[in-house]
Every structure is written in C-alpha cells, then in structure tokens.
Amino acid sequence: MLTRRKEEFIPIDPPYVGMYVCGPTVYDYSHMGHAKCYVSFDVIVKYLRYKGYKVKYVQNITDVGHMLGDVDIGEDKIISRAKKERVHPMELVEKYMREYFYDMDALGVARPDISPRPSGHIPEIIEAIEILIKKGYAYEVNGSVYFDVSKFPEYGKLSGRRLDKQLAGARISPHPDKRSPYDFALWIKAPKGHILQWRSPWGWGYPGWHIECSIMSMKYLGETLDIHGGGVDNIFPHNECEIAQSEALTGKQFVKYWLLNGSILVDGEKMSKSKGNFVTIKDALKDYSKEAIRHFILSSHYRSPTNYTKEGLEGAKTSVNYIREFRFFLKTQKPKSSSVSKINEYLEQAGKEFETHMDDDFNTPRAIAVVHETINWLFTCIKEHSVGEDNLNHINNWLETYADRILGILPPAEEKSYTQVDELVEILIQVRAKLRSEKNWVLADYIRERLQKLGIELRDTKDGTVWKYKCD
C-alpha cells in the first residue's frame, strides 16, 4: 500500500510474521462493517499459516482516547456512551469487548494471539512521548503534548496527502495550543471530572488514539512490523500519524506491508455507528449462517468496498446451500474399491489454482470461484464414473482445507438432515418397487419423475434400485 503496487511478500525474519490490525473501539455492538474487516484479515492470517508462516497476530481493543469524529479534541467515544448508559466507562468496555469476541466467534474468526488495551500500556506510552519530546518531534503546552508534523517531512507518504498541498480539513481540528492544525495529540490534558485519566510528567491526562496503536504494536512485534492491517478509512490521519511518531521514535521503517480493507457501504455511504446505517452482526446472524456471511464478505476483494444488500446475502446463502447439497450428495455414494485417477488429478490442479489466486494479494473472490467450479465438475464426474474410497477421502480433505480451514465457508455435514432424506428416499423406492411388482407402471414412473425434479436420480439394476443426487 505504501508503494501502491503489489510486491513480493518477504518477511523480516522468515518464517515468522508479525501482523497488527487496528481493532474496534468497544462502545456498542459490532456491525457488518466490523465483520468485513475482521473476516478479511482472519482469512489472511489463516492462509499465511497454511503456507507455513508462523504468524503472531496482534489486534488491539481501544478502551480510551478515541474521540468522537476521530479527532484529538472533544469527547471520548467510550465516556460519551458510558454517560448515556449510566455505567463506568470500563464497565462499558468489558460488556462490549465480550460481545465483540462473541460475535467474532460466531463468525468463525480466530482470536488474535494478543489483544492489548491502551489502558494497560500507559507507562510505555508516557516513556515514548518523553523520548519524542527529547528528540524535538513533540512539544508540551498546558498539560497536553503534540507531535510536530513539520519535523517529519515524510508525513503523508501513505495517503499521498502532503502538507504543502493541503488546507485544514474536516478531520484536522485547529486548536490554540497547536503550532500547526496538522499537529496531533500524543497526550491530552484531562478536563475537570474526566473519569479516565493517569498521572504523567505533564499532569493528569490520557493518551491520544494514534500513539496507542504505535506503542502496542511495537511492544509485541518489534520496531518494524511485517504487516499492518485495518480499514482504508483510517489511512488519514490515523495510519499517517502512526508512521510519523513510530519512525521518529525509532529511526526505522514502521511497517513493510500495509493491507487496508474497503468498507461496507449502504446506499453508497460507509456503514457506521455515527451514521446510524448499520446492521449488527447479531442481527445478521439471525437470518444467515456464519458461512453465508463469510461467503458474502469474501466474494469481494478485501481492498474493495462491499455493498450491503439483502440480494447479496441471499445469493451467498444459496451458494453455501449448494455446497451443503454437495456434501449430502457425497454421503449417498457407495465407493468402489478402485479410485478414479482423474478426480485426484483435478483436485491437485484445483488446489494449485486456488493458491495462485490467494497468492495474488489474497484474491478471495477468485478462490471462492475455484471452490464452486471444482464442486460443479465433481458433481458431473461422480455421476458418470462413480467414486472410489481414495477419491472420497481426497475430496473431503480438499474441501476441509480450502473451503473450511482457509475460507470458512464450508457448512457442517448435518447428519440428521441427511438421515431423514435418506430414509424418505428409501421408503419411496420400496413403494415404487411394490407398484412395479403390481405392474402399476404409471404410479411407479410418477414417483421416479417427481424425485428427478427434486434432483434425485433412480437407477434400476439387477440387484435393485440405487439412487444418487443429480449433477445437473
């Protein structure tokens, strides 16, 4: 992202990979915008691990310092909501942090290795600010400390928003204590009665949002991160500020690879709590399975915006049901002793194609297409050639690796549902056999035709009638 082109991924210390993703500010229930972000990075982490990398995944939980409007003055989002709910801010944080993890678990998102919170890293944050002041990158005014962006000439190199070409924008808050409107707060003086504050060399206060991510990420992953992820809407000012303060602090490159994901859109606008146009993950899960939601999200590239529509989710639901039907279909097969060589050969090639797309900047839409193309081909091939025990094992392993372990779109094999279908078909076959013995060909053919319309094919053999799901 820093160079705005695809680059070969070469970790700093292979096979180890340090990955940091900006986590949520926990003051309300998580919505589908969060699902888009964290499902996308969940797949990236799982794929890197599948490829043999040892990923240390750090994702913070913001519990202080994130202001309304994403600026560095005003009211803290946590405190604002805590006042409305008439609870202590940390009580609010605990409630919605737990809900966030419940939602991620429900979506099949693996938990990060470390989930640090700013309130637990105040000493490290204060120490870093003191160093920035000594180096001349920061200054203190009336109990607050600001980063002087004029001292960091590369400010704006990620977003392309250079200071000499900008005017103060809506997200840059002028303040009489700042030397420049672009300077940002590292430490904020706590107003009277502010419930979240800590003692510092500059008086009682609390950290700015941007410095929190820098300090927590570098504490656990080192001074240069392999990967930094998050939402593209945070590229300015949040990610720019992270780069400036981190590189000023260490003198080293802060991040090798920036991966920024697109937003969920509703009627052309970003889904967000502030706009009130959000759908919570909990509500979405009332109507759709976790596999359908993941399929919906991963059907667009992580860098691209995704339009939230009922039609899109219904389409994902249909696609997942098709995968489920294929799993039922596999269970109806009575394997031959010998395997069909071209099935295993096809699966090997399909696996390579899947990985080629994932190696191309984690192209999940094309990877999902490979899964469906493979299932389509298998339906037809098994219908024509039957299947061996080795084939069945290979097919199931292939699905569990690519559709489940990496993408998380493989629905569970529901034994109860399969058993009911199996028994009903067997009953109808017995009824049809009796009708045939009575030479009632009309009703016997009627049962066969109706089953065929439902996707179930009967084949009469010298040993009796066998059945399977149709492929077409």
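Predicted model: local features only at pLDDT ≥ 70, side-chain atom pairs only at ≥ 80, totals over all residues.

**Strands, helices and salt bridges**

A: Strand β7 (residues 225-231) and strand β8 run parallel and are joined by six bridges. Within this pairing, Ile227 has Tyr257 of β8 as its bridge partner. Strand β8 itself spans residues 255-261 and is mostly covered, with six of its seven residues buried.

In general, the strands of a sheet pair through backbone hydrogen bonds, and the pairing is either parallel or antiparallel. The antiparallel sense is found in an open sheet of four strands, ordered β3-β4-β5-β6. The edges of this sheet are held by β3 (138-141) and β6 (205-207); each has a single partner strand, so one side of each is left without a neighbour in the sheet. From one strand to the next, the twist averages 20°. Strand β4 (residues 144-147) and strand β5 (residues 184-189) are paired over three bridges in the antiparallel sense. Here Tyr146 has Ala185 in β5 as its bridge partner. Helix α4 (residues 122-134) lies across β3, β4, β5 and β6, and runs at about 120° to β5.

The loop between β4 and β5 also deserves attention. Arg179 forms a salt bridge with Asp148, and their closest N and O atoms are 3.4 Å apart. Both residues lie in the loop between β4 and β5, and the pair links parts of the chain that are 31 residues apart. The two partners may be set side by side in terms of accessibility. Arg179 is exposed, with a relative accessible area of 58%, whereas Asp148 counts as buried at 6% relative accessibility.

Further salt bridges occur elsewhere; the structure holds 31 of them. One of these joins the side chains of Asp42 and Arg294, at 2.9 Å from N to O. Asp42 belongs to helix α1 (residues 32-50) and Arg294 to helix α8, so the pair ties together parts that are 252 residues apart in sequence. Both Asp42 and Arg294 are buried. Among the buried residues of α8 are Glu291, His295 and Phe296, along with Arg294.

Another salt bridge brings together the side chains of Lys83 and Glu75, again with an N to O distance of 2.9 Å. Lys83 is exposed, its relative accessible area being 56%, while Glu75 is partly exposed, at 29%.

Ile427 is placed in helix α13 (residues 415-437). At 47% relative accessibility, this residue counts as partly exposed. An α-helix has 3.6 residues a turn, so residues three or four places apart point the same way.

Conventions. Residues numbered from 1 in each chain as written. Heavy atoms only, no water. Helix = DSSP H or I, 4+ residues; strand = E, 2+ residues; numbered from the N terminus. Buried < 20%, exposed > 50% of the residue type's maximum accessible area, 1.4 Å probe, protein only. Pairing = 2+ DSSP bridges. Axes fitted to C-alpha atoms, helices over the stretch in contact; angles between N-to-C directions. Contact = heavy atoms within 4.5 Å. Salt bridge = Lys/Arg side-chain N within 4 Å of Asp/Glu carboxyl O.
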